[in-house]
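This report looks at a predicted model.

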Amino acid sequence: MRVLLVYYNYPQLSATYIEAEIRYLIRKGCVVEVWSETDPGAPYSATCRVHRGRLNDAVRSFRPDVVHIYWLKMAEKLVDQ
């Protein structure tokens, strides 16, 4: 399964819950990529490919089975893209 995680500022050092989810999905056999709206303030080396730019471009490029958007406000903002 191909999973695109939509996140605000990946890879942000303080967001370890995102990293834990990514590693879990990979262990379960998923191919994971992330779309990030902005650069992180305190970055670390990303575990997977990170897309920037338009969300639609990331979806077209990666062709995920599932798109998981963090935070309802972010989903509301991106729904029409």
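## A pair in helix α2

Arginine 60 has a relative accessible area of 56%, over the 50% cut-off, so arginine 60 counts as exposed. Aspartate 57, at 38%, is partly exposed. The side chains of arginine 60 and aspartate 57 form a salt bridge, with 3.0 Å from N to O. Both residues belong to helix α2 and lie three residues apart, about one turn of the helix.

## Other salt bridges

The structure has four salt bridges. One of them joins the side chains of glutamate 19 and arginine 23, at 3.0 Å from N to O. These two residues are about one helical turn apart, because four residues separate them in helix α1. Glutamate 19 is buried, at 9% relative accessibility, whereas arginine 23 is partly exposed, at 47%.

Arginine 52 and aspartate 39 also meet through their side chains in a salt bridge, at 2.9 Å from N to O. This pair links distant parts of the chain, 13 residues apart: arginine 52 is in the loop between β3 and α2, and aspartate 39 is in the loop between β2 and β3. Arginine 52 is partly exposed, at 36%, and aspartate 39 is exposed, at 53%.

## Nonpolar cores

The largest nonpolar core contains 13 residues, and Leu5, Tyr7 and Ile18 are among those with the most contacts inside it. At least two residues of this core come from each of β1, α1 and β2. Another core, of six residues, lies apart from it and includes Leu4, Val6, Leu55 and Ala58.

## A buried loop residue

Glutamine 12 sits in the loop between β1 and α1. Its relative accessibility is 12%, so glutamine 12 counts as buried. Leaving out residues up to four places away in sequence, glutamine 12 touches Pro40, Gly41, Ala42 and Tyr44.

Technical notes: Residues are numbered from 1 along each chain as its sequence is written. This is a predicted model: local features need pLDDT of at least 70, side-chain atom pairs count only at pLDDT 80 or more; totals for chains, interfaces and linings use all residues. Side-chain values use heavy atoms; hydrogens and water are left out. A nonpolar core is a set of buried Ala, Val, Leu, Ile, Met, Phe, Trp, Tyr and Cys residues joined through side-chain atoms within 4.5 Å. Buried means under 20% relative accessible area, exposed over 50%, partly exposed in between (1.4 Å probe, protein chains only). Contact means heavy atoms within 4.5 Å.
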